[in-house]
Amino acid sequence: MKGVVLAGGTGSRLRPITFSMAKQLVTVANKPILHYGLEDLAEAGITEVGIVISPQTGDEVRAAVGDGSTLGISPTFIVQDEPLGLAHALKTALPFVDGDDCLMYLGDNLVKDGVRDVVTDFQEHRPNCQIMLSPVPNPESFGVADVDADGQIIRLVEKPTVPPSDLALVGVYLFDASIVDAVDAIRPSARGELEITDAIQHLIDTKRTVRASIVKDWWKDTGTKDDLLHAQALVISELAHNIDGEVIDTRIRGSVHVGEGSRIVDSDITGPAVIGDGVTLN
């Protein structure tokens, strides 16, 4: 199985932060969001990863990933000339996939438990497509799946007025080679993009097997400022207390991480908090 990670887009909802960087490189707990997803793929045994980048921010993403060795992957960078939809990004990456199974991961998503379990489930049951879903309190704001008792997806509905379920699509999708015909069959939506939901619906309509996996813990799409702040709180709250730097005459309460080479003097720190490497506080 190969990975396809989407790291393009303009990040307009995160401006002004994204005036100076790609949205996937915004940090959560001092680590780029993109790195979390790449590490999740490596943990699941997916080391050949195509990273879809834009002409505008692609160089930044290349620099942040490097040769991938520190993340456990071997990256191939694939330029999507225009942001014409998730299915278009996948179609751009299909020559890299070369007929293998693939896992497509949206690079601004965080999934607490990673993707290892869904990869194992996909390999065991061998559906044509498997997507991750998460219960949400406001399903009318998301793409929502209608799922039967056996975990098979009946249909997908985009931002429904009357949601058929509370199960929103998470930005993780697994496909076999049948996705090639599906992305070729669909046409641009009203907003001029090739939608991944249309490609998956085509698989359903042509009697392919589309299976659901429910996220066991939390998932965050970090595409808005509020979601980004919530993601920071979730990740930082779960970090182990760890002091790698020097702490002098300082009171620390709660879970706090102090990075290597940092020096904290005469301070009062209440966790959860993360202080990076090489920081001086006094």
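The questions and answers below work through a few features of this predicted model.

Me: How many aromatic pairs does a search of the whole structure find, and is the pair of Tyr173 and Phe175 stacked or edge-to-face?
Reply: The search of the whole structure finds one aromatic pair. In that pair the ring centres of Tyr173 and Phe175 are 6.4 Å apart and the ring planes lie at 5°. Planes under 30 degrees apart count as stacked, whereas those over 60 count as edge-to-face, so with an angle of 5° the pair of Tyr173 and Phe175 is stacked.

Me: How many residues of strand E11 are buried?
Reply: Strand E11 covers residues 167-175, and both Tyr173 and Phe175 are buried. The strand is largely enclosed by the rest of the structure, because the number of its nine residues that are buried is nine.

Me: Which residue of E11 is the bridge partner of Cys102, and of Cys129?
Reply: Strand E6, residues 102-106, is joined to E11 by four bridges, and these two strands run antiparallel. Strand E8, residues 129-135, also runs antiparallel to E11 and is joined to it by six bridges. In E11, the partner of Cys102 is Phe175, and for Cys129 the bridge partner in E11 is likewise Phe175.

Me: How many disulfides does the count come to?
Reply: A disulfide needs two cysteine sulfur atoms within 2.5 Å. The cysteine sulfur closest to that of Cys102 belongs to Cys129, and because the distance is 9.4 Å, it is too far for a bond. Cys102 is buried, with a relative accessible area of 1%, and Cys129 is buried with a value of 0%. The count of disulfides comes to zero.

Me: Is Ser178 buried or exposed?
Reply: Ser178 has its place in the loop between E11 and helix H5, which spans 179-185. Leaving aside residues up to four places away in sequence, Ser178 touches Asn128, Leu203 and Arg208. Buried means under 20% relative accessible area, so at 8% relative accessibility Ser178 counts as buried.

Me: What separates the C-alpha atoms of Ser178 and Arg208?
Reply: Arg208 is among the residues that Ser178 touches. Along the chain Ser178 and Arg208 are 30 residues apart, while the separation of their C-alpha atoms is 8.4 Å.

Me: Over the face of which residue does Lys31 lie?
Reply: Lys2 lies over the face of Phe96, at 5.2 Å from the ring centre. Lys31, at 4.2 Å from the ring centre, lies over the face of Tyr36.

Key. Residues are numbered from 1 along each chain as its sequence is written. This is a predicted model: local features need pLDDT of at least 70, side-chain atom pairs count only at pLDDT 80 or more; totals for chains, interfaces and linings use all residues. Side-chain values use heavy atoms; hydrogens and water are left out. Rings of Phe, Tyr and Trp (its six-membered ring) pair if their centres lie within 6.5 Å; planes under 30 degrees apart count as stacked, over 60 as edge-to-face and the rest as tilted. Buried means under 20% relative accessible area, exposed over 50%, partly exposed in between (1.4 Å probe, protein chains only). A charge sits over a ring if NZ of Lys or CZ of Arg is within 6 Å of the ring centre and within 35 degrees of the ring normal. Two strands pair if DSSP finds at least two bridges between them. Contact means heavy atoms within 4.5 Å.
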